[in-house]
Amino acid sequence: MWRTASILIGAVLMLLTLGIVMLASTSEALAQARYNNPNYFVIRQGIWLVVALVGALVAAKVDYHHYRWAAIPLQLFFLALLVLVVVPGVGVMVNGSRRWLRAGGLTFQPSEFTKPATVLWLAWWFDRYRRRASTLAYGLILPGIPPALMMGLVFIEPDFGATLLLAIIVGCVLFIGGARFGHLIIAAALGLSAFAFAVLHDPVRMMRVLSFLDVEKYAQKEGFHLMQGLTSFVAGGAWGAGLGNGLQKRFYLPEAHTDFIFAIIGEELGLVGTLGVLALFGTVFVCGLRIAFGAPDFFGRVIAYGLTMAITVQALINIGVVTGCLPTKGLALPFISYGGSNLLVNGLMVGILVNIARHGANDVEDEDLRDVKDRLRTL
Amino acid sequence: MSLIRQRLRFWITTIVMGVAFAVLMVRLASLHLGTNESLRQRVTRARTVRQTMRVGRGRILDRHGRILAMDLILHDVCADPAALLREGHHEFIGARLALMLQLEPAMVVGRLSQAGRRYVRLRRAVPDEELRAVEAMKFPHVWFEPASVRSYPYGGTACHVVGFSNVEGVGGAGIEQQFDRYLRGREGLRISEQDGLGRELYGRRLLEIAAQEGADVHLTLDLDLQEMVEAALDEALPGSGAVGGWVIVQRVRTGEILAMASRPYYDLNAYGRAPEDRRLNRAIGYVYEPGSTFKVAVIAAALDAGVVRPDQVFDCENGLWHYRGKSLRDYHPHGRLTVADILKKSSNIGAAKIALELGEVRVEEALRRFGFGRRTGVEIPGEEAGILHPRSRWTSISLTRIAMGHEVGVTSLQMLNALCAIANDGFLLRPTIVSRVTDPRGRVFRETAPEVLDRPLSAAGARRICALLERVTEPGGTGTKAAVPGFRVAGKTGTAQKPIPGGYSDDRNIASFVGVLPADRPEIGIIVVLDEPQPLRTGGAAAAPIFSTIAQRAVRHLGISPDGPPRVIDPTIEYSPPAFPESNRDSGQSL
């Protein structure tokens with residue numbers, strides 16, 4: 001397991017390095033124009049990077065079995081924070097969404113932390129009620145109540161991207177935790193119709209979907225963001241314009257340093273760069289699943305699986321949005337986009353993964369035997 | 001849940017995610033390497049900016065560097081009607097602006113009331129004083145855009161030579177048109193990338209072609225002389241009753257044109273209001289039957305060919321000669337005249353007989369070698385070639401008519417140039433009005449050197465005819481009024497009836513005088529032509545006095561010394577310096 005963990009750490013460090021370099025390249029013009037300091041974003045991201053690394057180290061040291069007792073309190077804690085976020089006057093409003101909390105000089109986004117908290121909650125639940133997981137109540141409804149509340153709160157922030165991501169993570173963990181396939185499909189269908197209903201009743205989201213369906217038509221207004229993103233890839237070509245030579249970041253592509261930083265990678269580093277990033281996330285995914293596979297117990301396996309999915313699904317959705325495969329969502333690219341909460345949460349998740357890997361043995365036979373033993377015990 | 005089933009679900013997850021990864025990879029590859037050429041071009045176009053750098057038009061200068069045409073930077077007054085309307089100031093500001101800019105108030109207010117427009121140009125090229133007054137008012141949403149305007153400081157002086165350029169900066173006449181290529185310069189081009197806010201990124205220039213300033217055209221014209229000539233013309237024209245008149249002054253030895261004036265004329269700063277008729281440069285663009293001045297060429301050819309001698313006598317038939325069934329008349333009847341006197345008294349019959357002696361072939365060849373029937377190639381547009389029909393189209397009496405300057409059409413420049421060839425030892429030069437074209441840094445693009453077009457006469461023949469032409473301005477000749485005190489003038493009068501439908505007019509003439517001076521070493525040639533002078537209709541009476549006036553002023557201005565035998569300083573005469581009062585000087589020093 002140590003080798004898998006090393007590869008994972010290596011891939012994540014490469015992503016972090018690329019991220020800070022690309023952020024420096026991307027945000028320079030904007031930071032100069034907005035704050036008269038070309039390094040404004042890089043300095044902040046650098047501080048967060050240190051915090052995230054420390055957090056990851058700590059998480060890698062702490063035995064993940066200790067988290068069992070924290071599952072319920074954490075879930076309640078973040079639920080409370082999310083309630084605070086949507087309370088007017090407490091949550092910080094940016095661009096019409098209340099997503100942030102301010103503590104001291106720092107703002108952070110509780111919805112980011114709901115991801116590991118929810119994974120932890122579900123892992124705890126399924127570890128405890130493994131044998132009843134195939135029932136509707138224990139496999140879907142009861143474990144699903146707190147995450148559903150969270151999703152509801154995130155939804156009214158509003159932050160559709162985070163809602164959807166959380167739903168997908170919950171779905172994945174339920175799936176691996178042992179919920180019935182049929183139940184999951186019904187739940188997914190219900191969730192999607194609710195989501196579709198919400199989209200149809202929100203002109204802004206509706207426009208986003210429409211512009212996604214016909215980029216050219218809406219290229220000047222609603223589709224502008226996406227159009228400029230696509231333009232970056234086209235401008236990049238196979239080998240890219242060269243690091244720092246991109247033009248899209250110079251006020252063509254809005255929010256180039258956050259959600260659309262992948263487009264700038266595409267422009268400056270070309271196909272080589274984007275495929276490289278995709279491969280690194282693929283590596284994270286494979287390593288994560290291997291760690292999950294080799295986890296010593298069910299609890300660890302579900303956690304590892306859930307965290308891996310949380311990272312990779314977010315990355316895939318972000319890349320899908322930037323390349324025009326999915327409608328525009330406000331989701332950051334893990335490890336690379338500017339944003340402290342995102343960086344810290346992803347660092348913590350990788351740390352936990354490494355910790356699980358440390359406990360894991362390649363002793364799969366043992367696991368199988370234990371399973372058999374478990375069955376015998378039930379009999 | 002069994003481990004087996006969980007493992008299955010792991011695999012399902014892996015496959016689904018693997019598909020997602022693969023889809024994104026394909027998508028990325030198709031975006032990066034895509035064959036979407038139109039998008040690629042649009043991206044390039046949207047991100048690059050092309051700027052043309054406009055340059056000022058070159059100047060036109062006279063031979064001493066005085067500016068005849070130049071660019072001035074003035075300002076257009078512009079306004080934003082939409083903003084003015086929104087703030088409700090359009091009526092007040094419109095009225096004030098109309099007052100200050102001398103515009104129609106209703107029109108200005110009307111133009112400022114267009115809610116849908118963000119830009120109107122109220123008046124082009126506002127003079128600086130008016131502009132300062134408007135500027136001082138600090139009207140909102142009114143601004144000034146620099147605009148270059150062609151300015152002609154001397155107005156109508158030499159207007160037909162200088163010409164004008166239009167609002168777009170394209171030459172429309174004269175030197176402005178002919179040398180447009182040089183004057184206009186070359187626009188610079190800069191292609192660079194711009195950022196999303198449309199700002200040029202200075203560090204990322206893709207292409208930069210420096211602009212080339214318009215070149216200056218230096219004319220051979222002497223502005224002082226030009227003004228003298230025009231003044232003389234303007235003084236004389238009203239009294240002469242002529243509808244038009246034109247003068248060319250040319251340097252005999254180089255072919256440089258020192259002055260060229262044509263009346264009627266127009267003000268270059270208001271060329272748009274000038275009718276076509278006034279814009280015609282009659283000195284090169286008006287073809288007329290030259291009359292007697294043309295005899296010079298025929299007689300010179302006959303003398304040079306040795307067909308006749310100056311003292312050979314011809315019978316001038318007492319003013320009426322029937323030849324081949326047509327009658328030929330002299331203005332003043334003469335009996336028997338020598339060739340020299342035929343020229344002096346300008347006998348048509350005598351000239352016809354001399355031409356017959358020379359024969360059609362040699363007459364045509366001589367005339368063509370004098371440059372008749374083709375353009376001289378002077379650097380001004382609008383030059384006419386004149387008319388000299390090929391011999392095959394001549395009738396049996398054509399020769400006698402051509403000899404007296406009928407049945408041919410010439411421009412004044414051709415006529416003057418032919419006479420200058422006679423004065424220049426027989427070398428026919430190309431008349432030239434542009435001496436050189438230089439750029440603002442002094443590089444010379446083009447320089448004109450004297451160019452010999454042909455040599456119609458030998459040096460001896462040329463001097464002989466020149467000597468005969470001197471007698472025209474001596475007592476008894478037709479051109480006595482062209483005499484210049486202190487100078488001997490070689491010249492010839494010309495009077496031709498203007499053709500009208502069905503024949504020639506009796507009372508409408510082209511009167512001209514062409515001459516060179518000083519006669520024994522000619523320096524300048526001058527032609528004066530009057531169109532329909534009344535009541536004095538002959539060249540000797542109408543054109544010769546103007547010639548005399550112009551010549552007198554020209555020789556003084558150009559510093560041409562009078563003729564006459566050079567005075568030899570006799571070394572035997574003791575030179576005594578003026579006596580200075582020695583004592584004074586000494587005392588001055590001692591002080």
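Helices (H or I, at least four residues) and strands (E, at least two) are DSSP runs, numbered from the N terminus. This is a predicted model, in which local features need pLDDT of at least 70 and side-chain atom pairs count only at pLDDT 80 or more, while totals for chains, interfaces and linings use all residues. Residues are numbered from 1 along each chain as its sequence is written, and side-chain values use heavy atoms, with hydrogens and water left out.

**The contact between chains A and B**

- Contact (heavy atoms within 4.5 Å) joins 58 residues of chain A to 35 residues of chain B.
- The buried area, meaning the accessible area (1.4 Å probe) that two parts lose on being put together, summed over both, is about 4000 Å², and carbon and sulfur atoms give 70% of that area.
- One salt bridge (a side-chain nitrogen of Lys or Arg within 4 Å of a carboxyl oxygen of Asp or Glu) is counted between the two chains.
- This salt bridge links the side chains of B:Arg47 and A:Glu267, at 2.8 Å from N to O.
- Several helices of chain A, including helix 6 (160–177) and helix 9 (224–236), each supply at least two residues of the side that touches chain B.
- Helix 10 of chain A gives the largest share of that side, 14 residues.

**A hairpin in chain B**

- Strand 19 (residues 490–500) and strand 20 (residues 503–517) of chain B pair in the antiparallel sense over 10 bridges; pairing requires that DSSP finds at least two bridges between two strands.
- These strands of chain B form a hairpin with two residues between them, and B:Gly502 in the turn has a positive phi of about 85 degrees.
- B:Pro499 has B:Tyr504, in strand 20 of chain B, as its bridge partner.

Conventions: Chains lettered and ligands numbered in written order.
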